[in-house]
Amino acid sequence: MRRHLQLGIKQLTASYADGHISPRLVADTALDDAVKLKTLNAFVRLTPELALHQANESAHRYKEGQIHSNLDGVPIAIKDNFSTAGVLTTCASRMLEDFVPPYDATVYARLREAGTVLLGKTNMDQFAMGAGTVDSIYGPTKNVWSDDLSKDNWRIAGGSSGGSASAVAAGICYAAIGSDTGGSTRNPASYCGVVGLKPTYGLVSRYGLIPLVNSMDVPGIFTRSIADCVEVLNTVAGPDVKDSTTIRRPFKRLQLPKLEEIDLRSVRIGIPKEYHCEGLSTEMLETWTKVADLLESGGATVRQVSLPNTAASIFVYTILNQCEVASNMARYDGIEYGHRATDDRSTEQLYAHSRAEGFNHVVKTRILTGNFLLLRKNYDHYFEKALRVRRLIAQDFAKVFEAGSVEENVDILLTPTTLSDAPLYKDFAAQSNRDQCAVQDFCTQPANMAGIPAVSIPVRLSKAGLPLSLQLMSNTLNEELLLTVASWIENQVGFDCLQNKHVYEARS
Amino acid sequence: MRKYFLAPLQVRQLATQPKLAVKPNHQWKSVVGLEVHAQISSTSKLFSGSGTTFGAPLNSAVSFFDASIPGTLPVLNRKCVESGIKTALALGCQVNEVSMFDRKHYFYADLPNGYQITQQRAALANNGKISFPVITPGTKVYYKSVKLLQLQLEQDSGKSLHDDELKRSLVDLNRAGLPLMELVFAPDLETGEEAASLVKELMLILRRLHTCSCKMEEGALRVDANISIHKTGEPLGVRTEVKNIGSVRSISQAISYEINRQIKQVAAGGIITNETRSWDADGRRTVAMRDKEVLQDYRFMPEPNLPPLHVNLKPGSQSTEDLISVAALSEEIPELPEHTRQRLVEHYKLNSETAIILVNEPILLEHFLNITKSLMDVPTKVVTNFLINDLLTYCNKINVDVEDCALSSTDLKDVLKSLHSEEINLQAARQLIELLHNNPKTDINTLIEQHNLQQISDLNTIESYCQQAINNQPTAAQQYRKGKTKALFALAGEVAKLSAQKANMKIVVQCLEKLLKD
């Protein structure tokens, strides 16, 4: 029973084609599981009618031999900050609690056209502002690897796309879409023990992704394997006329070499010393070292490199984040859509009350700070300066990937994704959102600043029985090599997300 | 002659309220700068695919982006960029190789995003110039040149409609996102007439380029004026901004009024405060607008969803899918108004005042060119006299825009042809204008026959009229015979009356002279 859970996407769709299993059965099981695993709070909303309809359609296509893609019939989940026509899209906020978008985000439109089955929308921090999926009007998402799910004893799923990460980690769906602005895909992927890809900025359309920081946001992909990740990326990537910031060059589908054909001898791995930072756990450091050694013994060149502006990155990220947040949130005034306060004595009162009631403390703090930083008298000192440092950070990456001689360059950077395994909720919640993000995003946000692709892959379990993951980064649009190396590591470490006994306990 | 020419023009656009006129005051200098928002003629909005038809049902031309639906993104309309570049080139601007878009933040119910996308740091074009004739009643026409500091692209806001009775506000987003060019002119002007003349010339240019309809009544062209006064040799005074100027005529009136108001205010010991005032066209005055924004800080920020706008500045380059060539667009610029004026003077031997009148009323120019093309033997002066003195006067009399007059170039050509061949006289020609306007599509010959407008040139008939006139006005005849030649006009007038204005006056005069000599 439920043996299909263990299948990769390719094997699953092959079974559909063989007629061994039907998309309808898989969708039914997935919806059942989602209900059984409700305690994780991965989903803010299931879409059973839609899912069953899509599954039936898919089943029909398999019968007719007219499937739409390699993903036809595959159950997926989508973070609640992607527009889904006719399906509530709330950003886990009171502001958009009743908001039903009239259109599909490009990412979802492409997945829908590919024949996937949407199970529902997943939990997140309000407007994606957070690193724990604890600031949601629907309550926090719990990590499926937690030993104890009671009271405050559970582990956080990470965030802000914690719901998507949990849904995949718990085996409810085969893939999920998240967003990644400073690590929001890689961070929960790391804590939940799944693959989390942040593609190159502009490779995947942001149309329909309710923005956090437009210049850094990218749709992210959660899967249980690199091979599945490639399937999803190949479906959603590529230019979109609706998003002027997408890369206009036609997208070439990724094709990873077969495992046995991967040759690491031409691959140069860089270990950026600045990521060996304060607060890095011993276990994480061990994991990092172990994989570096593994790569070296696999034939790769492994060398220490320097990204000197790393330490400044988190501050620059915070400034730019708050400024864009202040601007992006300006549209929520209760006029066209979203929460509208009852006090309409004046337009100003209506705005003030709607916004005061609709946003949580974190959102409001960022709006206030961002507007302060954008004031004419502050702009040069904060925003403009932050942009300059952002360029330096991007140059750091460009230098290690491009400039200099062949001996000095590297192809892939290997770092931790997070500084430790998943924290306990009570420890995490004791800190302010600002401090949480400063720690959680330390290793992940530089890739967003530079627009480069990065992937988090699980490596092993900590003593506490929680996943420890590492991050790989490559130069812009070098996803093929990035994921090739990731799949080599994946094969070497043999981490199985579904070995988690809780996944099965919860279902029984 | 010139007095004759300028008369209709004064009536048409330079009617200034005598009470508003600023008495020459050599003590005070006035400084005027204009900011013009011109809506780019385009079938879709600046960043979305929704339509731009004026007067469409409320909220019917609103895309998800225009309504700021979360997750939507702006996509720059190429046609609008091209129109902006063409306008910039026609105004002698330097088009920037890279321009950028910015967000300008403020809260307003008809601004759905909470910010306007505009160009603040790097505009589409800078450093242009506009030269134009200034026509002031009683003053010789002179040319003025004003620097165009910046031409930028930006989106329009929606419209708020306030229902005072029900105490509620409604928002129409049809206008939200319409493409605008903002043209910022240097404060190089001194008077309302100069400002009105600048806008008039700008409208002529934009219409030639088809980049803006310039319909002020639809809000397609909006003018804000910055006005200050100072004494010669002293620094510039505090300026006020006048908004809500709804017509070319109002520009002149509003600015004249505001200059006068400031002078009076200061003369009375008052001070000028930096404020925004609104032109009240009915009351013919400017009134202070309620200042809702106390020192607005727009918190400008680069628009992150639009990459920098690159254009190709290489001479001889062609446009591609990704890159607009400025050189290629410059090929599409038509003849501009000032060039036409020069051509009229050089090629048609018109005087420059006539050329200005024709060019400033594009329909008159069109008639002129069509008529002279097919009536080569009619002197151009006859044609321009007819168009300006007769057609334009008629239109002014019945208060119809000459654009809306029903007469076609062909109608006018036929009338002029009959006039020139002496089939009809000038009186009949004037009558025909009225008849044709009221009975469009009627054949001119039918009208001449129906209304019996043929000129009487038969010598015997005329002689009998003349004799009768001499009999009727013996005193005039006697005066003429005594050498008072002017008395002949009275007799000719009498003949005109007797013949129901149809006698050929040239022959009448000859005949009268002959009869009175005998």
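Trainee: Which residues does A:Ser184 touch, not counting residues up to four places away in sequence?

Mentor: Contact means heavy atoms within 4.5 Å. In this predicted model, A:Ser184 touches A:Lys79, A:Ala128, A:Gly130, A:Gly159, A:Ser160, A:Ser161, A:Ser179 and A:Phe222, with residues up to four places away in sequence left out.

Trainee: Is A:Ser184 buried or exposed?

Mentor: Buried means under 20% relative accessible area, exposed over 50%, and partly exposed in between, with a 1.4 Å probe and protein chains only. At 7% relative accessibility, A:Ser184 counts as buried, and A:Lys79 is buried too, with a relative accessible area of 0%.

Trainee: Where is the place of A:Lys79 in chain A?

Mentor: Strands (E, at least two residues) and helices (H or I, at least four) are DSSP runs, numbered from the N terminus. A:Lys79 lies in strand β2, residues 75-79, whereas A:Ser184 sits in the loop between β4 (175-180) and α6 (186-192).

Trainee: Which residues does UniProt list for "active site"?

Mentor: UniProt positions are given in the numbering used here, with feature names shortened, and annotations may be inferred rather than shown by experiment. The unreviewed UniProt entry lists A:Lys79, A:Ser160 and A:Ser184 under "active site"; although spread over 106 residues of sequence, they cluster in space, with a largest C-alpha distance of 11.0 Å.

Trainee: How should I read the numbering and the limits of the model?

Mentor: Residues are numbered from 1 along each chain as its sequence is written, and chains are lettered from A in the order in which they are written. Local features need pLDDT of at least 70, side-chain atom pairs count only at pLDDT 80 or more, and totals for chains use all residues, while side-chain values use heavy atoms, leaving out hydrogens and water.
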